[in-house]
Amino acid sequence: MMNLGYACINMSMGKKVGTNRTMVKRTFQAKGLDYVSELALLNAKDIIKILEWNRMNGIKFFRLSSALIPWGDNIDLTQLKDYKEIKSELKKAGDFAKYWGIRITSHPGPFVVLVSPKENVVAAAIADLELHGKIFDMMGLSKTPYNKINIHCNGVYGDKIAAMDRFCKNFKRLSKSVQSRLTVENDDKASMYSVCDLMYIHERIGIPIVFDFHHYKFCPGVLSEDEALELAASTWPRGITPVVHYSESKEGSKPQAHSDYIKQLPNTYGINVDIMVEAKAKELAILPFIK
């Protein structure tokens with residue numbers, strides 16, 4: 001059965017409930033680990049509130065914010081004063097999600113670049129991915145792409161094959177926690193990576209491809225939409241529903257920009273998928289289709 005999901009923020013619950021309380025670098029330097037710990041604990045406690053709201057409203061798919069532990073990729077989490085409580089809250093949220101069959105995923109941002117020729121960029125990307133892996137481990141989520149950590153390649157550097165070779169090489173530096181969950185997604189610029197391109201990575205290291213309908217329009221490669229979707233879906237392990245992303249163009253903006261709401265659901269050509277709707281109105285965009 002197809003599930004519809006939304007990303008990171010619940011608009012209906014208002015500003016007091018959220019999992020992305022964060023801080024700028026200056027604040028981090030001034031207030032230090034204790035403030036990180038306080039924000040992380042508040043974020044962790046609110047995951048279950050959002051999941052409960054989702055359950056009550058028939059939503060079984062949710063993308064967790066990547067800002068759950070501010071500056072978490074720069075610190076030793078065990079040094080946080082509330083570490084035990086944060087861990088306990090994360091485990092509660094993970095247990096709740098598993099009990100009610102709610103799928104949790106994440107999507108680290110555009111600064112996570114495993115294809116970069118610069119070691120400092122790759123090291124930062126690995127640190128960011130490892131933080132996501134640790135959080136999912138603390139939640140007790142499966143070490144499979146059912147609970148995916150999804151990224152883009154985020155760069156070509158004049159040679160797509162060489163860039164993808166670096167991706168595969170740097171993939172081997174990741175922990176099993178991250179490797180077992182990592183997925184890669186097609187891009188929204190013609191010069192970047194189509195599903196066809198990404199098959200090179202899949203064939204080398206076996207990670208699944210997330211098909212993004214909106215991005216496909218700008219970077220189709222040589223395949224029709226149904227062919228690209230079918231190929232991406234074929235890269236997922238047996239027994240795990242593939243994830244696709246869907247959004248529509250925002251009127252009056254550049255075509256790649258995501259709309260606030262969606263007018264329809266995509267044609268999935270008879271393939272069973274879970275659809276992450278990347279619309280700015282978050283859960284409000286999918287509620288009409290859930291009902």
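Guide: The accessible surface of the protein chain in this predicted model comes to about 13100 Å². Carbon and sulfur atoms hold 55% of that surface. As for burial, 54% of the 291 residues in the protein chain are buried.

The overall dimensions come next. Along its principal axes, the C-alpha trace spans about 55 × 50 × 40 Å. The radius of gyration of the protein chain is 19 Å, which agrees with the value near 19 Å that a compact globule of 291 residues would have. Among the contacts with a separation of 6 or more, 78% join residues 24 or more positions apart. The charged side chains number 39 positive and 32 negative, and the centres of these two sets lie 5 Å apart.

The secondary structure of the protein chain consists of 9 helices and 8 strands. The part to look at closely is helix H4, which covers residues 160-171. Helix H4 has 12 residues, and the distance from its first C-alpha to its last is 16 Å, close to the 16 Å expected at 1.5 Å a residue.

Which residues of H4 are buried? They are Ala 163, Met 164, Phe 167, Cys 168, Asn 170 and Phe 171.

The loop between E4 and H4 contains Asn 154. Although Asn 154 is a residue other than glycine, its phi is positive, near 65 degrees.

Cys 8 is another residue with a positive phi, about 70 degrees, and it is not a glycine either. Cys 8 sits in the loop between strand E1 (4-7) and helix H1 (25-56). Is Cys 8 buried or exposed? Its relative accessible area is 18%, and buried means under 20%, so Cys 8 counts as buried.

The C-alpha atoms of Asp 95 and Met 139 are separated by 7.2 Å, while the two residues are 44 residues apart along the chain.

How values were computed: Residues numbered from 1 in each chain as written. Predicted model: local features only at pLDDT ≥ 70, side-chain atom pairs only at ≥ 80, totals over all residues. Heavy atoms only, no water. Helix = DSSP H or I, 4+ residues; strand = E, 2+ residues; numbered from the N terminus. Rg over C-alpha atoms; globule rule 2.2 N^0.38 Å. Buried < 20%, exposed > 50% of the residue type's maximum accessible area, 1.4 Å probe, protein only. Contact = heavy atoms within 4.5 Å. Areas by Shrake-Rupley, 256 points an atom, 1.4 Å probe, with all protein chains shown as cover. Lys, Arg positive; Asp, Glu negative; His and termini not counted. Charge placed at Lys NZ, Arg CZ, Asp CG, Glu CD. Expected span 1.5 Å × (residues − 1).
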